[in-house]
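The following dialogue discusses how to read some features of a structure. Please examine the sequence and the model before continuing.

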Amino acid sequence: MCPLAEDLEEFDRLMKEAVVLLVGADLLPPGTATRWDLGSQAEPLLRAALAVNGFGELPAAKRADVHGLLGAALEYQGKYDEAVAEGRRAVALAPTARFH
């Protein structure tokens with residue numbers, strides 16, 4: 001398998017794992033400890049997805065998805081300034097996309 005394919009496989013794995021956590025968090029009332037916990041578990045997965053070696057080869061929309069989801073994970077943890085910054089990164093990469 002070529003290195004880019006391995007990177008994309010790892011990216012997909014990290015994203016799926018993070019999305020499962022964030023969907024669970026999204027179903028909970030705002031401000032609950034469990035919602036915070038799920039967001040804090042998703043954050044390192046999303047940061048790792050951003051660090052995948054082949055990441056520069058991905059379309060801007062995929063990179064925007066990661067920043068949008070990272071913004072949600074940070075929001076669930078009450079890190080609002082960081083969440084807004086990630087949302088702005090997402091919009092800059094894909095201005096017409098809809099985010100969380």
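Q: What share of the contacts in the chain between residues at least 6 apart in sequence join residues at least 24 apart?
A: Contact means heavy atoms within 4.5 Å. In this chain, 63% of the contacts between residues at least 6 apart join residues at least 24 apart. This is a predicted model, in which local features need pLDDT of at least 70, side-chain atom pairs count only at pLDDT 80 or more, and totals for chains, interfaces and linings use all residues. Residues are numbered from 1 along each chain as its sequence is written, and side-chain values use heavy atoms, with hydrogens and water left out.

Q: How many helices and strands does the chain have?
A: Helices (H or I, at least four residues) and strands (E, at least two) are DSSP runs, numbered from the N terminus. The chain has four helices and zero strands, in the order α-α-α-α along the sequence.

Q: Is Glu43 buried or exposed?
A: Buried means under 20% relative accessible area, exposed over 50%, and partly exposed in between (1.4 Å probe, protein chains only). Glu43, in helix 2 (residues 33–51), counts as buried because its relative accessibility is 12%. Beyond neighbours within four places in sequence, its contacts are Leu70, Ala73, Leu74, Gln77 and Lys79. Of the 100 residues in the chain, 35% are buried.
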